[in-house]
Amino acid sequence: MDAILEFLKQTGFYGLFVGFLSNGGWQNLIMISISLILLYLAIKKQFEPLLLIGIAFGMLLTNLPGAGLYNQELWNEFMNASSENYHSYGYILANGGLLDYLYIGVKTCIYPCLIFVGIGAMTDFGPLISNPKSLLLGAAAQIGIFATFLGAKAMGFDGLESASIGIIGGADGPTAIFVTSKLASHLLGPIAVAAYSYMALVPVIQPPIMKLLTTKKERQIVMKPLRQVSKTEKIIFPIAVTIFVALLVPSAAPLVGCLMLGNLWKESGVAERLCKTAQNELMNIVTIFLGISVGATATAGTFLNTTRETVTIFGKSVELLRLPTIEIIVLGVVAFGVASACGVLFAKFMNLFTKNKINPLIGSAGVSAVPMAARVSQTVGQKENPTNFLLMHAMGPNVAGVIGSAIAAGALIAIFG
């Protein structure tokens with residue numbers, strides 16, 4: 001009987017029941033419910049399923065009592081400067097679970113950089129090279145990052161947290177993970193979920209903003225065909241960009257360097273085997289590890305964390321209850337909306353000075369959700385003019401947004417890292 005009782009005490013059911021009675025298990029139940037909702041959205045609604053399934057399942061695993069797959073307390077010691085285990089990966093390897101081991105790849109920023117190798121191998125920078133002005137549209141969309149940074153600061157987040165939240169506006173999941181893992185790893189769960197959720201909601205969020213800020217006549221603008229870009233230009237481009245960005249913002253070199261390496265394999269034409277590996281096997285393997293390990297950080301204690309803050313209203317002190325995760329999700333959609341709007345508005349501004357008019361719809365593609373944002377520009381444009389084809393024009397600011405968000409990430413890390 002004692003052996004049976006001991007066995008029962010070691011089960012997750014016992015841990016969940018005891019935890020619920022001690023006012024802690026209900027948080028695990030909430031997190032398990034959230035993970036099931038995300039799995040539904042990923043599978044049924046196809047919201048970024050390649051990564052969101054892994055994130056949701058990692059969230060499920062980390063909130064099952066007794067599994068011991070991810071141990072937040074180990075990482076708290078890892079980050080505690082007064083601890084003898086400060087920044088000791090050996091301590092993690094000796095005492096951690098499976099997801100702790102996988103999370104090391106996130107903490108060391110290996111996974112986001114390897115993802116960028118795969119993205120580079122699948123990206124055609126031809127539209128950007130053909131129309132260099134589209135680089136400005138990609139840069140304009142990054143205003144959303146810095147506007148949200150200021151908003152997060154105003155709401156009481158510190159500089160490191162605000163920088164991590166702001167990067168959601170770049171609509172680039174790997175970049176958001178790269179920045180957050182360096183600056184505010186305790187927010188990695190909610191920021192990753194927000195970043196990838198909004199990337200999946202591009203077709204829902206962007207069209208109303210695009211239509212609100214443009215006239216029917218502007219949406220019907222037909223742009224001239226892009227010129228043919230030579231192979232030499234495509235080979236020189238990744239090399240030149242790597243040199244320039246690494247010298248300008250060294251902190252962005254890991255992301256941009258990996259992005260351009262993958263692209264150079266593609267455009268050189270002499271490394272087809274490596275290019276295919278980066279596009280397929282490498283990308284798929286890293287996506288699995290990245291998703292499940294990021295999801296593991298969404299523990300009940302961090303994801304459902306609440307804080308109390310005393311503020312003065314009309315001369316009286318009032319205690320407010322803050323929910324950082326909800327605030328991050330709200331700030332994330334604001335970041336994405338501001339980034340999309342800035343791209344559209346800057347395209348309208350450029351039309352004041354250019355002879356060959358730009359269809360403002362392609363400005364919204366300045367966020368780096370490749371190629372979804374470009375497809376949305378194409379879809380909205382064709383509804384106004386069925387003979388208009390904006391996809392390749394929109395790919396210019398779209399890939400420029402990838403470079404722009406990486407540079408913005410490097411700048412934030414340089415300032416706050």
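A residue counts as buried when its relative accessible area is under 20%, as exposed when it is over 50%, and as partly exposed in between. The model described here is predicted.

Cys109 has a relative accessibility of 4%. This value is under the 20% cut-off, so Cys109 counts as buried. Cys109 sits in the loop that joins helix H7 (98-107) to helix H8 (110-122). Its backbone also has a positive phi, near 65°, although Cys109 is not a glycine.

Glu48 belongs to the loop between helix H3 (25-43) and helix H4 (49-62).

## A cis peptide bond

Which form does the peptide bond from Val370 to Pro371 take? The bond is cis, and its omega is near -10°. Pro371 is part of the loop that runs between helix H21 (324-350) and helix H22 (372-384).

Seven side chains are listed in a nonpolar surface patch of about 540 Å²: Leu321, Leu323, Ile326, Ile329, Val330, Val333 and Val334. Helix H21 gives the largest share of this patch, with five residues.

Ile326 is one of the patch residues, and its place is in helix H21. Is Ile326 buried, partly exposed or exposed? Its relative accessibility is 48%.

Conventions. Residues numbered from 1 in each chain as written. Predicted model: local features only at pLDDT ≥ 70, side-chain atom pairs only at ≥ 80, totals over all residues. Heavy atoms only, no water. Helix = DSSP H or I, 4+ residues; strand = E, 2+ residues; numbered from the N terminus. Buried < 20%, exposed > 50% of the residue type's maximum accessible area, 1.4 Å probe, protein only. Patch = residues over 30% accessible without salt bridge, like charges linked within 9 Å, V, L, I, M, F, W, Y side chains within 5 Å. Areas by Shrake-Rupley, 256 points an atom, 1.4 Å probe, with all protein chains shown as cover. Salt bridge = Lys/Arg side-chain N within 4 Å of Asp/Glu carboxyl O.
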